[in-house]
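Here are my notes from a pass through the model. Have it open next to you while you read.

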Amino acid sequence: SQAFTDLQQGAVQQLLSPNINQVSASNDPMVELPYVLYDSQDSLLYEIVMEGCHRVKNNVALLGGIQINTAPQALDYFLPLRFDLMNNRGEVIEDMLNRIQ
């Protein structure tokens, strides 16, 4: 087995490891993989926001989704999956996802 020294690759592996069976069991693992990774990153980001949101005076906008990289001659694509406006107590005061879909 190869030891990864890349910090980002190690973080991705750690985030995916609890859900690798979900990816493997999927009918299309290559489609399932970015969604599972997004869910893991979304949970981590939410924890970070909850830890620091009380330090802001007003609101925090949280935008998350899946970046789809394409061939060099085509435009990349961003699939938004979360767009929340949160107050400084971490409460979602408006789900704005429908505004950008």
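How many bridges pair β2 and β3, and in which sense? Three bridges, in the antiparallel sense.

Before the details, some housekeeping. This is a predicted model, where local features need pLDDT of at least 70 and side-chain atom pairs count only at pLDDT 80 or more, while totals for chains, interfaces and linings use all residues. Residues are numbered from 1 along each chain as its sequence is written, and side-chain values use heavy atoms, with hydrogens and water left out.

1. The sheet. Three strands make an open sheet in the order β1-β2-β3, with antiparallel pairing. Strands here are DSSP runs of E with at least two residues, helices are runs of H or I with at least four, and both are numbered from the N terminus. Two strands pair if DSSP finds at least two bridges between them. β1 (60–68) and β3 (92–95) are the edge strands, each with a single partner, so one side of each has no neighbour in the sheet. From one strand to the next, the twist averages 25 degrees.

2. Who faces whom. β1 and β2 (residues 77–86) are paired over nine bridges, again antiparallel. Along that pairing, Ala61 sits opposite Leu85 of β2, and Ile68 has Tyr77 of β2 as its bridge partner. On the β3 side, Leu85 stands opposite Glu94, and Met86 is opposite Val92.

3. Helix α1 (residues 7–16) packs against helix α3 (residues 29–52) at an angle of about 95 degrees, and the axes are 9 Å apart. That makes α1 roughly perpendicular to α3, a label used for angles of 65 to 115 degrees (under 35 is roughly parallel, over 145 roughly antiparallel, and the rest oblique). For the record, axes are lines fitted to C-alpha atoms, for helices over the stretch in contact, and angles run from 0 to 180 degrees between N-to-C directions.

4. What sits between the helices. From α1, the residues involved are Val12, Leu15 and Leu16, and they meet Leu33, Val36, Leu37, Ser40, Gln41 and Leu44 of α3. By class, this contact has seven nonpolar, two polar and no charged residues. The classes put Ala, Val, Leu, Ile, Met, Phe, Trp, Tyr, Cys and Pro as nonpolar, Asp, Glu, Lys and Arg as charged, and the others, Gly among them, as polar. Contact means heavy atoms within 4.5 Å.

5. Arg82 is in strand β2 and counts as buried at 15% relative accessibility. The cut-offs are under 20% relative accessible area for buried, over 50% for exposed, and partly exposed in between (1.4 Å probe, protein chains only). Setting aside residues up to four places away in sequence, Arg82 touches Tyr38, Asp42, Tyr46, Leu62, Leu63, Gly64 and Leu97. Its side chain also makes a polar contact of 2.5 Å with the side chain of Asp84. A polar contact is a pair of N or O atoms within 3.5 Å; within protein, one must be able to donate a hydrogen and the other to accept it, and residues adjacent in sequence count only if both atoms are side-chain atoms.

6. Phe78, also in β2. Phe78 lies in strand β2 and is partly exposed, with a relative accessible area of 34%. Beyond its neighbours within four places in sequence, Phe78 contacts Leu63, Gly64, Gly65, Ile66 and Gln67.

7. The β2–β3 hairpin. Five residues separate the strands, and Gly90 takes a positive phi near 85 degrees. Asn87 belongs to this loop and is buried, at 7% relative accessible area. The Asn87 side chain reaches the backbone nitrogen of Arg89 at 2.9 Å and has a 2.7 Å polar contact with the side chain of Glu91. Leaving out neighbours within four places in sequence, Asn87 is in contact with Cys53, Asn58, Asn59 and Ile93.

8. Asp95, to finish. Asp95 lies in strand β3 and touches Phe83 and Asp84, not counting residues up to four places away in sequence. A polar atom of the Asp95 side chain lies 3.0 Å from the backbone nitrogen of Leu97.
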